[in-house]
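Me: I would like to go through this structure with you. Could we begin with the overall picture and then turn to the interior?

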Amino acid sequence: MLPLLSSLTSETCTQRKTRYAPVSFLRQNNMLSLRSFVLFFLSFIAFRMNLCFTGIPSSLKMLSIDGHFEFDQVQVAARDFGNRYQFFPAAILHPSSVSDIAMTLKHIWKMGPRSQLTVAARGHGHSLHGQAQAHQGVVINMESLQGPQMQVHTRNFTYIDVSGGELWINILHESLKYGLTPKSWTDYLHLTVGGTLSNAGISGQAFRHGPQISNVHQLEIVTGKGDVVNCSKEQNSDLFYSVLGGLGQFGIITRAKILLEPAPTMVKWIRVLYLDFTTFSREQELLISAQNTFDYIEGFVIINRTGLLNNWRSSFNPQDPVQASQFKSDGKILYCLELAKYFHHTEGNIINQEVTRLLSQLSYIPSTLFISEVTYVEFLDRVQVSAVKLQSKGLWEVPHPWLNLLIPKSKIKKFAEGVFGNILKETSNGPVLIYPVNKSKWDNRTSVVIPEEEIFYLVAFLTSAVPSSRGNDSLEYILTQNMRILEFCQTANLGVKQYLPHYTTRKEWQAHFGPMWETYLQRKAAYDPLAILAPGQRIFQKAKSLS
């Protein structure tokens, strides 16, 4: 507006120059003075903003740390697996020790509310909605964290002591050297310990062992005040339970002691199909409630997929090849039950009998029985095979508008009737997982929010969007579909809770936590009162009232 105003004034003054030269001269000088003042004022504002955004990183440069800060090449910390949000930090901390993290947080804590600097811990970058990003803040690269090597302990009980930035796949390989393994997993192992423990960590073993947060002996935490605290069920227990499933709001997990059990060597990996959802869900619930059952129980929904069983042949062997080849999946809503039974090489005959006995109790479509025998590592790391293929084709770094829901057992049929085949017309954009877990295996003292019923289901829509598409695989279409699913859940009053939750308003977060909200506020006030940590979750804002 200022250049336009100046141009118009100059033109007018030129036209009247012969009659009103003194006035024109005064007007020009006034406009020049006004323009100079505005430019000075804007420069002053920019200077003050620069102090906020570049002066703060300058103060970080003065910290005497073992690792280092990166102030220039920070774009890597502004992206994640979700590929939908991009918030650039002012700096990335590459810590060499826990003290680097503590010193940085202590420094920011001492700056007080006058500083808007926030801190986010970033593991392997698999957040979905920018949760591990910190706009104009500090992102801590947890995979840079050095310290004591992973160490397995077997004296009184078995556990492995690991860094919060360690990948689960590395923990698997290290523990197997001792014939041991963690009890509970996620489906994808190339995630960090701190990342999954800040959420819950769920997979097909959760019905028996609970989520990963139910299998932790001890944690080392750096709080939002910069304090380094060891905690467990017996020591500093409030912090221990706060951090587990706490979405990074109360502290950064820098070390963890993960419980172990004897490891198998082989896995019978099984898939069968159902046409009827009621039968499918009833038998899933039967399996997770039985004493002698499979070691892993999951399921997924398949809608209108062509040549489904032929695609399985690359990894599985059909029990009846002739009948399997005649099965048609086109235009159908199918429910796949995926099972696994662990064993050792010497137990082959026994395990075959046991699998046959367990399968005889089920009412799946006989022609759809597929069985594979793989190593324990191959089974647990199965998703990585697909990830590598997608990465090679450039299809890994696309938007992933995932939606993960926890649904009470009493409402799962109503959910299936309302969503599968109605809102969700096909499953070609990514798998839709569905399987039940036992609430008794979850500790209600942690910060994670789950439904009230004794059995509830995880339903995960793991979709990928094609960036250039305008069809049903476009980001806009999938986001609209997700919104319709959430609206249906709310209208039908299903009592659904989001897993890996994503909300943008305080009101939505309060509704998510429900009765736990006051406890959550108290924990935040105790361990991160300035709301420095995990700003990407959008639960609290820096230096704002937490009440």
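This is a predicted model: local features need pLDDT of at least 70, side-chain atom pairs count only at pLDDT 80 or more; totals for chains, interfaces and linings use all residues.

Me: How many helices and strands does the chain have?
Reply: The secondary structure amounts to 17 helices and 19 strands.

Me: And what share of the residues is buried?
Reply: Of the 547 residues in the chain, 53% count as buried. The accessible surface is about 25500 Å², and carbon and sulfur atoms contribute 53% of that surface.

Me: What about contacts across the sequence: how much comes from residues 24 or more positions apart?
Reply: Such pairs make up 75% of the contacts in the chain that have a separation of 6 or more.

Me: Take Leu273. What is it in contact with, leaving aside neighbours within four places in sequence?
Reply: Leu273 is in contact with Ile302, Leu308, Leu309, Trp312, Phe327, Leu334, Tyr335, Cys336, Tyr364, Ile365 and Thr368.

Me: Changing topic to the cysteines: how many disulfides are found?
Reply: A search of the whole structure finds zero disulfides.

Me: Why does Cys336 count as buried?
Reply: Cys336 counts as buried because its relative accessibility is 0%, and the cut-off for buried is under 20%.

Me: And Cys231, buried or exposed?
Reply: Cys231 is buried, because its relative accessibility is 0%.

Note on methods
Residues are numbered from 1 along each chain as its sequence is written. Side-chain values use heavy atoms; hydrogens and water are left out. Contact means heavy atoms within 4.5 Å. A disulfide is a pair of cysteine sulfur atoms within 2.5 Å. Buried means under 20% relative accessible area, exposed over 50%, partly exposed in between (1.4 Å probe, protein chains only). Helices (H or I, at least four residues) and strands (E, at least two) are DSSP runs, numbered from the N terminus. Accessible areas come from the Shrake-Rupley method with a 1.4 Å probe; for residues, only the protein chains shown count as cover.
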